[in-house]
Amino acid sequence: MNPSETHVPSRTIGCRNCSNGQKLPFEFSMAFQPIVDVKSRSIFAYESLIRGTDGSGAQGILEQVSEENRYVFDQSCRVKAVELAAKLKIPCYLSINFLPNAVYQAATCIRATLEAARRFDFPTDRIIFEITENEQVVEKQHLKDIILEYKRQGFKTAIDDFGAGYSGLGLLAEFQPDIIKLDMQLIRNIHNDRARTAITKGILSLCKSLDISVIAEGVETPEEYIKLRSLGVELYQGYLFSRPKFEALPDVYWPPRRVS
């Protein structure tokens with residue numbers, strides 16, 4: 001085996017599997033959870049979340065994802081999300097999680113998404129791609145190239161679970177996404193935690209300077225919401241507002257406009 005084959009073997013496998021038309025050995029579907037803008041009291045986006053075909057949780061599906069089928073799974077998730085979003089007539093952004101280690105070349109691996117958007121008549125400028133910060137990404141340049149290509153294609157980009165991963169602010173020094181989503185562990189019980197409040201204030205100030213929007217995810221209690229709202233957060237996702245709904249768009253609870 002020569003050095004070029006050992007450098008990025010997983011991407012080589014992905015490229016070969018895509019060209020061979022590999023099929024997934026399992027089926028899955030999606031649930032949708034809204035991301036709300038409390039200032040305008042509107043839905044900013046719906047995040048597509050992996051589910052079993054019977055509506056069961058993501059774990060049973062993710063356990064079947066392997067090195068050999070990771071690429072086809074990632075591509076299939078994108079297509080399924082776009083298909084269901086078009087079927088449900090989602091009028092706002094659609095947020096799709098992607099696996100950076102399943103992208104061997106950004107311009108090539110986006111083709112299935114573009115084709116699905118055309119086929120199902122869903123606007124590509126209403127798609128957000130989320131990268132989970134705590135997924136181990138060996139090559140930051142590779143991730144940077146993906147983000148830049150997606151932006152060039154007109155997609156919005158987001159870093160999910162920000163504040164929980166191995167690199168944190170280091171990622172923002174390398175590239176700036178359109179959105180970051182504050183990790184739920186950072187904001188849990190923030191109303192009673194001086195350190196979490198200070199860290200969140202710092203992140204919000206930094207993001208304002210870099211023109212990055214901030215979403216507080218995993219918000220579960222009125223107290224957490226009131227504290228975050230007092231810090232200036234306008235975009236939210238979590239059980240306080242709505243739980244995910246299988247293959248449908250759930251109703252939204254809107255907290256009172258006034259916070260104390």
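**Confidence and overall make-up**

The average pLDDT of the chain is 87, and 87% of the residues reach at least 70. The exception to be noted is residues 1-14, where pLDDT stays under 50. For that stretch the model has 15 contacts beyond four places in sequence. Where pLDDT is low, the predicted coordinates should not be read in detail.

The chain has 260 residues, of which 47% count as buried. Its secondary structure comes to 11 helices and 9 strands. Of the contacts between residues at least 6 apart in sequence, 71% join residues at least 24 apart. The accessible surface is about 12700 Å², and carbon and sulfur atoms account for 48% of that area.

**Nonpolar cores and a surface patch**

The largest nonpolar core holds 63 residues. Within this core, the residues with the most contacts are Phe-28, Leu-94, Tyr-150, Ile-180, Val-219 and Tyr-236. Helix H4, covering residues 70-87, supplies the largest share of the core, with 8 residues. A separate core of 8 residues lies apart from it; among its members are Ile-35, Ala-45, Ile-179 and Ile-215.

Tyr-236 touches residues from several parts of the sequence, not counting those up to four places away. Its contacts include Pro-34, Ile-35, Val-36 and Val-38, as well as Ile-215, Ala-216 and Val-219. Tyr-225, Leu-228, Arg-229 and Phe-241 are also in contact with Tyr-236.

Leu-206 belongs to helix H10, residues 194-209. With a relative accessibility of 30%, Leu-206 counts as partly exposed.

Arg-41 has a phi near 50°, a positive value in a residue other than glycine. Arg-41 sits in the loop between strand E1 (29-37) and strand E2 (42-51). Its relative accessible area is 27%, so Arg-41 is partly exposed.

Asp-161 also has a positive phi, near 55°, and is likewise not a glycine. Asp-161 is placed in strand E5, residues 156-162. Asp-161 is buried, because its relative accessible area of 16% is under the 20% cut-off.

Asn-69 lies in the loop between helix H3 (59-62) and H4. Its relative accessibility is 6%, so Asn-69 counts as buried. Neighbours within four places aside, Asn-69 is in contact with Gln-22, Leu-24, Pro-25, Phe-26 and Gln-64.

**Salt bridges**

The whole structure contains 11 salt bridges. Side chains of opposite charge can pair when their charged atoms come close.

| Pair | N to O distance |
|---|---|
| Glu-47 and Lys-181 | 2.9 Å |
| Arg-70 and Glu-67 | 2.7 Å |
| Glu-130 and Lys-181 | 3.0 Å |

Glu-47 counts as buried at 5% relative accessibility. Lys-181 counts as buried at 0%.

Lys-181 also forms a salt bridge with Glu-130. Glu-130 lies in strand E4 (residues 127-132) and Lys-181 in strand E6, so this pair ties together parts that are 51 residues apart in sequence. Glu-130 is buried, with a relative accessible area of 1%. Through shared partners, salt bridges join Glu-47, Glu-130, Lys-181 and Glu-217 into one network.

The remaining pair in the table is formed by the side chains of Arg-70 and Glu-67. Arg-70 has a relative accessibility of 21% and counts as partly exposed. Glu-67 is also partly exposed, with a relative accessible area of 29%.

How values were computed
Residues numbered from 1 in each chain as written. Predicted model: local features only at pLDDT ≥ 70, side-chain atom pairs only at ≥ 80, totals over all residues. Heavy atoms only, no water. pLDDT = per-residue confidence, 0-100. Contact = heavy atoms within 4.5 Å. Core = buried A, V, L, I, M, F, W, Y, C linked by side-chain atoms within 4.5 Å. Buried < 20%, exposed > 50% of the residue type's maximum accessible area, 1.4 Å probe, protein only. Helix = DSSP H or I, 4+ residues; strand = E, 2+ residues; numbered from the N terminus. Areas by Shrake-Rupley, 256 points an atom, 1.4 Å probe, with all protein chains shown as cover. Salt bridge = Lys/Arg side-chain N within 4 Å of Asp/Glu carboxyl O.
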